[in-house]
Amino acid sequence: MRYAILVLAAPYSHQASHSALRFAHAVLARGHQLDSVFFYHDGVCNAARLAAPPQDEPQLLDGWMNLSAEHDVALQVCIAAALRRGLMDEREAARHGKSGHSVEPPFELVGLGQLVDLGLGCDRLITFGT
Amino acid sequence: MPYLEEQNGCSTKGDILLVLRHAPHGSSWLREGLDIALVGAAFDRDVSLLFMGEGVLALLSGQQAGALGQKGTHPTLQMLEMYDIDALFVEQRAMERYGLVQEDLILAPQGLEEAGMADLIKHHDLVLTF
């Protein structure tokens, strides 16, 4: 089955991101295909490249990046929701005259149309964080 | 669609159903949910909206942006028609809970009981809750 995941809550504030990452691995372990994890609403904060949680806590950012590297899962971030919350890649930072960037690959900034396509194209879209 | 007119039922079919469960102004849930509706419609998808729980307050007439300087969601709601989003529903129980009648609301949504909401959800390919 083709799955996609929608994450709507910020990491470390809520359980949702942790559960979503575990669910992603469970989906893959069962032999399903996971097309993408889409981050929207406060979920875009999962893409913050400067996140530095204490070492004895789960490293969510590494978790997402490993998921992408090992299983070819796209990490898509809604660009409008991200920009509002100070999350932008190098290109957007340059466009907005900001001195640094806070998002880098494998996270990619995309439009909401990608979420619509995912939701209608995959067999299951599972939401975390409502 | 000459079928399924069960008692209290709802025969509206569509691609995407947005279930909106948050009031305007207090958070960005409503605004970011509505954004998906607009994008879905712009991508030529049939979009329906169900205002549930405190989400019914989104439709209360006479709202202004107010002291916090937020844009508010009424301008977006007024644009729905332009996007051909005309399948609008409210949870009847929530209306009663807030002491509202149809005349208090903009856009003349259709009231649904529990069975109607269940039908509505069943007849959409993608259901997103905000």
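**View 1. The surroundings of Val90(B) in a predicted model.** The model is predicted: local features need pLDDT of at least 70, side-chain atom pairs count only at pLDDT 80 or more, and totals for chains, interfaces and linings use all residues. Leaving aside neighbours within four places in sequence, Val90(B) is in contact with Leu50(B), Phe51(B), Val56(B), Leu59(B), Met95(B), Gln102(B), Leu105(B), Pro109(B), Gln110(B), Gly111(B) and Leu112(B). Contact means heavy atoms within 4.5 Å. Val90(B) sits in strand E3 (residues 87-91) of chain B. Helices (H or I, at least four residues) and strands (E, at least two) are DSSP runs, numbered from the N terminus. Is Val90(B) buried or exposed? Val90(B) counts as buried, because its relative accessibility is 0%. Buried means under 20% relative accessible area, exposed over 50%, partly exposed in between (1.4 Å probe, protein chains only). One contact partner, Gly111(B), is 21 residues away along the chain, with 4.8 Å between the two C-alpha atoms.

**View 2. Ile16(B) and its partners in two chains.** Ile16(B) belongs to strand E1 (residues 14-20) of chain B. Which residues does Ile16(B) touch, not counting residues up to four places away in sequence? From chain A come Val116(A) and Leu120(A). From chain B come Gly40(B), Arg45(B), Asp46(B), Val47(B), Ser48(B), His124(B) and Leu126(B). Ile16(B) counts as buried, because its relative accessibility is 1%. Ile16(B) and Glu113(B) are 97 residues apart along the chain, and 20 Å separates their C-alpha atoms.

**View 3. The contact between chain B and chain A.** How many residues does the contact take from each chain? There are 18 residues from chain B and 18 residues from chain A. The area buried between the two chains is about 1,400 Å². Buried area is the accessible area (1.4 Å probe) that two parts lose on being put together, summed over both. Carbon and sulfur atoms give 70% of the area buried here. On the chain B side, Trp29(B), Glu32(B) and Leu126(B) lose the most area to chain A, together 36% of what that side buries. Leu126(B) also touches Ile16(B).

**View 4. The build of chain B.** Chain B has four helices and five strands. Along the sequence, they follow the pattern β-α-β-α-β-α-β-α-β. The radius of gyration of chain B is 14 Å, close to the 14 Å of the globule rule for 130 residues, so chain B is as compact as a globular protein of that length. This radius is taken over C-alpha atoms; the rule is 2.2 Å times the number of residues to the power 0.38. Of the 130 residues of chain B, 49% count as buried.

**View 5. The build of chain A.** Five helices and five strands make up the secondary structure of chain A. From the N terminus, their order is β-α-β-α-β-α-α-β-α-β. Along its principal axes, the C-alpha trace spans about 45 × 35 × 25 Å. Of the 130 residues of chain A, 48% count as buried. Among contacts in chain A with a separation of 6 or more, 78% join residues 24 or more positions apart.

**Numbering and atoms.** Residues are numbered from 1 along each chain as its sequence is written, chains are lettered from A and ligands numbered from 1 in the order in which they are written, and side-chain values use heavy atoms, with hydrogens and water left out.
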